[in-house]
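Thanks for coming, everyone. Please look at the model on the screen while I talk. I'll go from strand pairing out to the whole chain.

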Amino acid sequence: MTAFKFCPRCARPLIEREQGGLVRRVCPDQACGFVHWDNPTPVVAAVVEHEGQIVLARNALWPQRFFGLITGFLERNEDPAEAVLREVEEELGLKAQSPAFIGHYTFERMNQLIVAYHVVAEGEIVLNEELSEYIRVAPEKARYWPAATGLALRDWLHSRGYQPELIDLSPRGKGG
Ligand SMILES: [Zn+2]
């Protein structure tokens, strides 16, 4: 996440100061008192099971050929379990049900808290404009990647008795 340079309340350049145990960007004007807390943003993620297979999708903005879980931001006052069903319908065109909480995972690079669910979805897959392609993999062949959503997939596979391999994302590895 890009840090604020200027105070969003009074437009003064922010300074760095220790506040609440961490160095944060704060407004130098005491009367304004703005502190950029930089709290993580919650994001829901879905391990989508469709006709017995896991649906992984590629975001249109991702440069490399990498397939991941369906993710999205919560709306104000929205229950995460409702949000994950909404995202699956919006992005894949599938009717999803029975959201089952997998866990929450820190996605450090994006300063997000990933709230992951498994859902069972029905219908015909129709991608929205955010996604450029998808693959379906059998759970016994699924692999995971070393980041928040990948760990959620790993944990769900473990819960079903599978022992997925880690995808090697290094340049010499086979990749996603
Ligand atoms: Zn200010």
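Predicted model: local features only at pLDDT ≥ 70, side-chain atom pairs only at ≥ 80, totals over all residues.

Glu18 has its bridge partner in S2, and that partner is Val23. S1 and S2 are joined by five bridges. The two strands run antiparallel.

Now widen the view. S1 and S2 belong to an open sheet of three strands, ordered S1-S2-S3. The pairing there is antiparallel. Which strands sit at the edges? They are S1, residues 15-19, and S3, residues 35-36. Each of them pairs on one side only.

Stay with S2 for a moment. The strand covers residues 22-26, and Val26 lies in it. Is Val26 buried or exposed? Val26 counts as buried, because 20 C-beta neighbours fall inside 10 Å. The cut-off for buried is 20 or more. What does Val26 touch, beyond residues up to four places away in sequence? The list is Leu14, Ile15, Arg17, Gln19, Phe34 and Val35. One distance to note: Val26 and Trp37 are 8.6 Å apart, C-alpha to C-alpha. In sequence they are 11 residues apart.

Next, the domains. The chain is divided in two: domain 1 spans 1-37, and domain 2 spans 41-159. How far apart are their C-alpha centres? The answer is 34 Å.

On to S8. Strand S8 is residues 112-122. Eight of its 11 residues are buried, so S8 is largely enclosed by the rest of the structure. S8 has two pairings to show you. With S4, there are 10 bridges, and the strands run parallel. Within that topic, Glu49 has Val120 in S8 as its bridge partner. With S7, there are again 10 bridges, but here the strands run antiparallel. Tyr105 stands opposite Ile114 in S8.

S7 and S8 also form a hairpin. Four residues lie between the two strands. Look at Asn111 in that turn: its phi is positive, about 50°.

Now the nonpolar core. In soluble globular proteins, nonpolar side chains tend to be buried together. Here, the largest nonpolar core has 31 residues. Which residues have the most contacts inside it? They are Ala46, Val47, Val48, Val88 and Ala152.

Take Val47 as an example. Leaving aside neighbours within four places in sequence, its contacts are Ile54, Leu69, Ile102, Ala116, His118, Ala152, Leu153 and Trp156.

Last, the whole chain. How many helices and strands are there? Two helices and nine strands. From the N terminus, the order is β-β-β-β-β-β-α-β-β-β-α. The C-alpha atoms fill a box of roughly 60 × 40 × 30 Å along the principal axes. Of the 176 residues, 26% are buried. And the contacts? Take those with a separation of 6 or more: 55% of them join residues 24 or more positions apart.

To recap for your notes: S1-S2-S3 is the open antiparallel sheet. S8 pairs parallel with S4 and antiparallel with S7. The largest nonpolar core has 31 residues. Thanks. I'll take questions.

Terms used:
Residues numbered from 1 in each chain as written. Buried ≥ 20, exposed ≤ 12 C-beta atoms within 10 Å, placed from the backbone. Contact = placed C-beta atoms within 7 Å. Domains from an automatic or database assignment. Core = buried A, V, L, I, M, F, W, Y, C linked by C-beta atoms within 7 Å. Pairing = 2+ DSSP bridges.
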